[in-house]
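Here is a short briefing to read alongside the model. Take it topic by topic, with the viewer open next to you.

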Amino acid sequence: MTEETTETKGVRLTAGDAELTVSPDHGCRVASLRVGGTELLRQGPRYGAFPMVPWCGRVDLGRFRNGGRMHQLPVNAPPHAIHGTGRDTVWRTVATGPSSAAFTYDLADPWPYQGRVTQTFELTPDGLTATMSVETEGDSFPAQAGWHPWFRRTLEDGGEEVRVGFDAEWQEERGDDHLPNGNRIPPRPGPWDDCFGMPAGVDVTLTWPGRLELKVTSRSEWVVIYDEQPEAVCVEPQSGPPNGLNTLPRLVTPIDPLEMAMVWSWRSLA
């Protein structure tokens, strides 16, 4: 089922009182998530939840090496490249149903390797499962995948600010260039624009007191938490740390695709 929005055509999924709108023409981002009629994602210039692929976060000076070849990516967050190309790409809708959908796009310039990215969504009355895969039939290359949601700090009809709860084993210390410097330190209090390690899997709880609890989980051990803006809080599960194309490369090969999954589950506190 589709609907027209003010910005692009959207694929709308429903399950119980949950409504999800995905915008394949706008980087295949989740444009809206409404639970019981309440919007949970920020709207406006920085809105929804977008995919980060084929890399997550910042790449140092936009450069990464694959074997003996050095590649230069566009520097879109000077002096670095940030958040991949998927959010700037029109995706193809390949399957839709009342509560599920799948989308793809083919990797192309400025990414230097050929491959295909697939993203799926499965909505239930009390949760959302998103998956992403990166495949190639050609040359192997390092890649990452993840999501960057903008959760509302306060819900649209008011109430207390959201509280972020998690128990990480470590925090990636970052330098003045906003990149991890290789040191793992005990988690520090926020505000954060930082990557955390959770070897048992990402598990972060967002609580709007008296309203709603939402858990973000993933089998991956990496999550970036960003809460330095007054309007929103970001909880970003990803397959590796920022600058991971250089520091922790995970190769996509013809027989070994990169696969990433994330679950949001919620319950009412009212």
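In this briefing, buried means under 20% relative accessible area, exposed means over 50%, and partly exposed lies in between (1.4 Å probe, protein chains only). By that scale R250 is partly exposed, because its relative accessible area is 29%. This is a predicted model, in which local features need pLDDT of at least 70 and side-chain atom pairs count only at pLDDT 80 or more, while totals for chains, interfaces and linings use all residues. Residues are numbered from 1 along each chain as its sequence is written, and side-chain values use heavy atoms, with hydrogens and water left out.

**Confidence**

- The protein averages a pLDDT of 95 (pLDDT is the predictor's confidence in each residue, from 0 to 100), and 97% of the residues score at least 70.
- Residues 1–8 have a pLDDT below 50, and this stretch has 18 contacts in the model beyond near neighbours in sequence. Contact here means heavy atoms within 4.5 Å.

**Overall build**

- The secondary structure comes to 1 helix and 27 strands. Helices (H or I, at least four residues) and strands (E, at least two) are DSSP runs, numbered from the N terminus.
- The radius of gyration of the protein is 18 Å, which agrees with the value near 18 Å for a compact globule of 270 residues. The radius is taken over C-alpha atoms, and the globule rule is 2.2 Å times the number of residues to the power 0.38.
- Along its principal axes, the C-alpha trace spans about 55 × 45 × 30 Å.
- Of the 270 residues, 52% count as buried.
- Among contacts with a separation of 6 or more, 60% are between residues 24 or more positions apart.

**Surface and charge**

- S133 sits in strand 14 (residues 127–135) and is buried, because its relative accessible area is 15%. Not counting residues up to four places away in sequence, S133 touches R116, V117, T118, L258 and E259.
- V224 belongs to strand 24 (residues 222–226) and counts as buried, because its relative accessibility is 7%.
- Leaving aside neighbours within four places in sequence, the contacts of V224 are D193, D194, C195, C234, V235, E236, Q238 and P242.

**Backbone features to inspect**

- Most residues other than glycine have a negative phi, and most peptide bonds are trans.
- The peptide bond from P78 to P79 is cis, with omega near 10 degrees; P79 lies in the loop between strand 9 (69–72) and strand 10 (81–82).
- A cis peptide bond also runs from D109 to P110, with omega near 15 degrees. P110 is placed in the loop between strand 12 (100–106) and strand 13 (116–124).
- L61 is not a glycine, yet its phi is positive at about 60 degrees. L61 is in the loop between strand 7 (58–59) and strand 8 (63–66), and counts as partly exposed because its relative accessibility is 36%.
- H178, also not a glycine, has a positive phi of about 70 degrees. Its loop runs between strand 19 (170–174) and strand 20 (180–185), and H178 counts as partly exposed because its relative accessibility is 30%.

- R250 is in the loop between helix 1 (244–247) and strand 26 (251–252). Not counting residues up to four places away in sequence, R250 touches F141, P142, A143, D256, P257 and L258.
- R250 and V263 are 13 residues apart along the chain, and their C-alpha atoms are separated by 22 Å.
- P74 lies in the loop between strand 9 and strand 10 and is partly exposed, because its relative accessible area is 42%.
- Leaving aside neighbours within four places in sequence, P74 is in contact with A81 and P110.
- The C-alpha atoms of P74 and P242 are separated by 16 Å, and the two residues are 168 residues apart along the chain.
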